Amino acid sequence: MISPRQLFFTLALARIGALLVLLPVVHAGEAMQDAWISVIVATGVAILIAWLGAYLAMKHPGKSLGRFANDLLGRLGGTIATGILALSFYVLCLIRVRLVSLVIISHFMPRTPGWALAIPILLTACYGAMMGPDTIGRASEFFFTVMAVIIVASLAVFYAWSPERVAGLKPVLSRGLGPVFAASVPATFLGLVSGLKVLALGRFTTEKGKIPKATATALLISGLALLVFAINAVTALGPAQAQRSVTPLLALASSVSIEGVLERLDLVLVAAWVMGVTFDVTALLMSSSILIGDSVGADHRKVTAVLFLLGLVPVSHRITDIFTMRRLHSTPVTGIWAIVIAVGTLAPVFVAYLIKKRKGGS
Amino acid sequence: MRRTGFVALIIFLALGFSGCWDRIEIEDVAIVGAMGIDKGQGDNVVVSLEITNPGALAIGTHAATSQSPVVSIVTRDEASTIRAAITNAQRRTPRRIVTGLIGTVVFGQSLAREGIGQYIDYLVRNARVRSSAVLATCDSGAGLLQRPFLSPLPSRTLAGLSESAPASGMTMTATITEFAAKLSEPGIEPITLHTVGRKTKDVQVKRQGEEVKQTDPAVMLEEPIDVDITLDGELPADSPVLSPYRESSSGEFVPGITIDIGIAAYRDDKMVGLLDGVEARGYLWATGKLEEGTVEVPDPGGSGKTIALSIIRSSASIKPVLDEEVVRMDVELHVDLETREGPLDTDMTNETLLQALEDSIDALILHEARATLNRVQKELKSDIYGFGNRVYRANPKLWAQLEPRWNDEVFPNLEVRLQVSSRVRAPGAAYGLSAR
Amino acid sequence: MNPFRFLRRLGRLPGLTRGTSGNRHGGQGFSNDLNKNLATISAFLGKPSDLVIRRLSLRGDPPLSIAVVYLRSMVDTETVRLTVVQPLLSFSHVVHKTAAKTVSPLETLRLTLPTARATFSARSMNELITLIPEGKVAVLIDGASGALYLDASRRAARALQVPTSESTVIGPQIGFNESIDDNLSLIRSRLKHPKLRVEQVMIGRKSRTDVRMVYLEGIAPDEIVAELRRRLHEIDTDIVLDPGMIRDLITEQPYSPFILERTTERPDTVAAEVNLGRIALLVEGSPFALLQPSQLFTLIESAEDYYLNALSASLLRLLRALAYILSVLATPTYVAIVNFHFELVPLPLLLNIAATEEGVPFPLPVAAFFTEVVLDIVREAGVRLPSQFGPVVSIFGAVILGQSAIQAGFVAPGLIIVAMLGTICSFAVPRAEKALAYRLIRFPLLLLASILGFPGLTIGGVATVYHIASLKTLGVPYSVLYTPGHAARLSRKLVRVPARRQPVTRPLAQVDRVRSDRVPEPRDPKNDD
């Protein structure tokens with residue numbers, strides 16, 4: 001079993017790990033220097049929706065979505081609802097492995113084939129997922145500590161809080177609020193998916209009452225980290241440059257050097273970054289296999305093994321398509337995806353839960 | 001069992017990766033310390049790379065193992081793109097050329113005036129080049145890579161220069177990131193450090209006892225170790241060593257050992273002009289970027305001598321005033337100074353004297369800032385101050401209207417109100433001797 | 001409460017069964033004929049040269065024939081004389097009298113040996129035969145199908161000495177020796193609490209080693225004590241010589257490269273840890289105690305920490321943590337940086353590194369691998385040799401070999417510096433055997449670093465952390481950083497909190513809490529409904 005605190009670490013760390021690669025908000029660069037506002041919007045919306053999931057998890061202690069969706073919606077409905085979420089986790093997990101391998105290759109190791117990075121990452125994730133939520137919970141304590149230190153240290157280096165830069169953060173809204181909301185969609189989606197892992201991990205959490213709080217805090221804290229990084233990237237690189245960069249954070253880190261000690265911060269950051277992403281991928285893979293396992297009625301370790309084997313090829317086959325990767329995190333794709341999860345999974349389960357509760361109450 | 005299986009699998013996979021694709025032995029690497037980019041024939045660029053030979057540089061026993069005493073060589077290659085030129089250089093280099101440690105990128109002026117967008121793109125797109133590398137504009141990019149000064153390597157000279165030159169208060173450096181950010185942001189134009197290789201009289205370089213005349217720009221191979229520089233005869237009256245702040249001669253390839261600095265102003269990716277010495281300081285006043293430097297004003301006490309003060313810090317607040325159609329900038333400058341040098345009998349604690357001193361500093365700063373502003377507005381027509389960006393932030397709709405004619409019409413005629421308030425913070429370490 | 005009574009391990013010798021002591025007279029395999037019994041014993045033990053069968057004939061009518069049987073090598077002969085032979089001889093008339101009246105000659109014997117230590121009846125001949133090699137003295141009487149035995153064992157033990165493997169500058173300077181009773185006395189004298197429990201388990205079919213669990217009842221969580229007891233009872237092995245062998249038999253992760261449970265030869269450490277709720281295992285014949293359950297941060301703790309002031313102790317702990325990390329990561333990181341990410345090194349430093357690498361014929365990872373192996377060999381050689389030769393080996397190995405390798409251009413000095421740094425760091429940590437185990441993962445990490453650089457190193461690191469996080473000792477997670485509880489928080493482990501700020505009694509709160517921390521079965525029907 002994992003404690004609410006470990007749940008918090010796991011969720012927050014997974015999201016930070018993901019955002020370190022993507023900094024999704026800057027991708028939808030229409031918002032220009034107001035991108036940071038969309039982070040706040042995204043975090044708020046993601047917390048609201050994920051709280052719904054956490055609430056459901058709290059009300060069904062000892063069960064994951066895979067189980068209680070079956071109870072609430074019947075076998076077929078439950079399987080579909082669970083399947084959508086589990087598949088989303090799995091696909092995102094594969095995408096992320098591809099993405100991180102791709103970025104490392106394009107930035108640092110042009111001659112290394114993609115599979116040489118993707119497969120070890122997936123293998124490590126599979127190992128961690130097979131060790132179970134307990135292990136992940138305890139590992140998250142390590143990683144979160146390390147990540148917190150790295151983030152604080154890198155912020156200290158990245159950002160000299162010059163008044164000029166802070167003044168530059170005044171909202172401009174040159175094109176109105178539209179672009180800001182559009183930019184917030186990918187971030188919302190990623191935050192939502194991070195938060196909804198609680199539907200799988202809630203089953204293993206002690207002190208059910210604290211689940212929603214842990215989930216919300218995790219999204220809030222990781223949202224804060226995202227916010228600070230987005231502000232940094234936008235102000236230091238300029239909005240256009242940040243939008244142009246494949247990974248704004250690496251571009252940012254590469255523009256900073258600690259004279260006489262470390263010339264390239266991005267090379268250090270990439271280590272932290274691989275750590276975060278590997279953990280994130282582990283959490284996604286594990287959540288997916290727990291959901292599938294509970295829905296089908298199989299040991300989640302076996303499901304993990306199957307998912308790992310299934311993922312080997314898609315993860316490593318011809319990693320060259322950073323453009324596709326970027327499109328996958330664009331506003332329309334993530335928006336539709338988020339709606340599918342909300343309408344396909346959360347809404348029916350929640351409605352069914354309300355109906356059941358009313359019946360039970362009356 | 002499962003766990004051992006995992007470990008075995010990991011090791012097996014790892015052994016399978018026998019290729020070690022991107023691993024490279026450090027001894028097989030040609031480290032490029034600085035890069036010069038000049039205009040070649042037609043649309044070509046000439047890329048100069050300073051390649052260091054670590055074996056000859058190392059201290060201790062290992063210097064002996066090196067095959068060649070050459071500390072660094074400079075390659076020059078002409079091609080239509082930087083990448084192709086580097087590839088050309090690779091053909092003649094027995095080690096893999098690595099661009100990851102480039103600390104300074106020098107653009108030749110004639111190329112800079114035609115536009116360096118594509119080359120900036122090379123630097124930004126190539127993740128191996130560090131974005132914290134300093135950009136410089138020079139009469140000739142290759143020229144600067146030829147002569148080391150107080151350091152065995154030209155690249156070290158340049159790196160040291162870009163680090164310490166802002167202490168003069170006459171220039172500021174811009175990294176690749178900063179340049180690219182300004183290039184892409186609305187209403188602000190980029191600048192770079194400008195370096196000028198000054199032509200001196202032919203210098204005689206004593207190299208291991210043998211005298212070599214060094215003015216030949218085509219010299220590719222340098223052996224600057226143990227260089228004993230002796231100037232030929234007396235220092236000439238116009239030697240740049242003594243009078244550094246002079247107009248530069250542009251366009252011409254000038255090798256030389258002295259280096260002069262200023263700021264190159266760009267409009268988009270094209271260099272439009274050079275702010276030299278005091279002009280550059282005028283720009284730095286108005287942007288509040290001045291952290292060091294010296295101000296000289298006549299003694300308000302009337303001794304006819306000059307008082308020198310050092311700049312401690314400066315700040316500038318730029319406020320756009322947007323009426324219906326009229327746009328105006330209010331710039332307030334605050335400068336803190338400390339007295340460094342003056343006539344013996346000037347009492348720096350005297351309030352009226354201090355007031356007078358501050359007034360004359362205000363006047364000087366105002367004059368310098370205004371002069372530069374006038375030149376930038378009327379002559380260069382490039383908004384390196386970022387006034388447009390302030391308008392954009394304050395009123396994006398208005399900016400959208402103004403943007404197409406900003407640099408050509410609005411900015412040159414923009415009313416800028418300058419207000420200076422300087423404060424002489426301390427008399428230095430002594431009150432000054434009182435008059436007898 | 002006699003711990004012997006309910007914890008006496010059932011004999012496992014094939015064909016032999018042995019009950020606990022009891023008052024029942026007679027037993028299987030005994031004959032009424034003394035000579036027959038003695039012949040059986042002697043035959044079973046193979047007539048060893050140190051077998052003493054001392055026959056006493058007590059005058060009377062009829063004369064009673066009594067035999068005292070023991071192994072000379074295992075028994076204190078003086079004790080036998082004082083507690084068995086003399087009483088029997090001097091009270092022979094009593095024996096006779098009572099023997100005539102009472103039911104059993106064996107009961108008579110028991111009454112006759114008042115000065116003896118506790119006497120027990122052997123239930124069967126088989127039991128008796130297993131007991132004699134343990135150092136028991138058997139007393140048989142003619143006409144009774146049974147035997148009594150008592151303990152007069154004597155073990156060779158060296159005097160108590162300074163603990164060599166865990167020397168500290170300050171603090172108690174006494175270590176365990178090979179006698180389990182001496183060791184127990186050292187612990188008891190430091191924890192004179194009535195709740196200190198000592199449970200005996202005999203382990204080993206052939207060695208029949210005396211193993212004792214020492215813990216504080218009420219402080220050590222009951223279920224963990226029960227778990228350890230269960231595991232000890234399940235051990236089925238021939239021979240146990242050291243706690244390390246027991247660790248290997250009860251561990252959950254036999255394939256893990258890490259050695260989790262801490263062994264110590266310091267009684268003060270054992271007392272401190274037992275006071276915290278850990279269980280100490282003492283093994284007869286070994287000066288080491290095994291402390292369980294174990295947690296990651298005990299790696300950086302040293303007994304000294306509690307004798308120094310809080311600030312210096314905290315500093316030392318941080319240093320040790322750094323030393324651990326460096327001893328594992330120094331060489332792989334160096335290889336990753338120099339072979340992949342040399343851009344992050346400042347140019348002047350890089351030029352120096354590059355200059356030293358110039359002319360070295362081997363690829364860096366290969367050189368690094370061999371340097372590490374050679375350093376380990378040098379270390380091993382230094383440890384094995386008698387202390388007089390130790391310095392010679394280090395001089396030859398480290399100084400001459402290293403210096404010559406550099407001068408000959410086989411290895412770059414930079415690499416030697418880094419590899420040496422790692423090795424020195426591994427000496428700086430309090431428990432050398434654990435440092436060794438942790439250093440094992442250097443090699444896979446080195447491989448990953450030399451193939452994939454930093455990303456590879458990080459992936460390896462993540463896998464290692466997953467592995468460490470999955471480890472458990474006695475069902476208690478090995479790595480717990482933030483679980484609430486007084487002694488559990490990371491900050492209190494990385495630094496030592498002043499003694500005044502700590503609660504007087506600090507049970508292993510975290511152990512209690514995380515005890516339930518087991519992976520629930522995915523199809524647990526209780527959870528499902």
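The model is predicted: local features need pLDDT of at least 70, side-chain atom pairs count only at pLDDT 80 or more, and totals for chains, interfaces and linings use all residues. Residues are numbered from 1 along each chain as its sequence is written, chains are lettered from A and ligands numbered from 1 in the order in which they are written, and side-chain values use heavy atoms, without hydrogens and water.

**Exercise 1.** Determine the strand order of the open five-stranded sheet in chain C.

*Solution.* 
1. Strands are DSSP runs (E, at least two residues; helices are H or I, at least four), numbered from the N terminus, and two strands pair if DSSP finds at least two bridges between them.
2. The order is β6-β7-β9-β10-β8 (chain C), with antiparallel pairing.
3. The edge strands, each pairing on one side only, are β6 (196-203) and β8 (262-264) of chain C.
4. Within the sheet, β9 (residues 279-283) and β10 (residues 289-292) of chain C share four bridges; C:Ile279 has C:Gln292 in β10(C) as its bridge partner.

**Exercise 2.** Describe how helices α13 (residues 364-384) and α15 (residues 413-427) of chain C meet.

*Solution.* 
1. Their axes, lines fitted to C-alpha atoms over the stretch in contact, with angles from 0 to 180 degrees between N-to-C directions, come within 10 Å and cross at roughly 40°.
2. Contact (heavy atoms within 4.5 Å) involves residues including C:Leu364 and C:Leu375 of α13(C) and C:Ile416 and C:Phe427 of α15(C).
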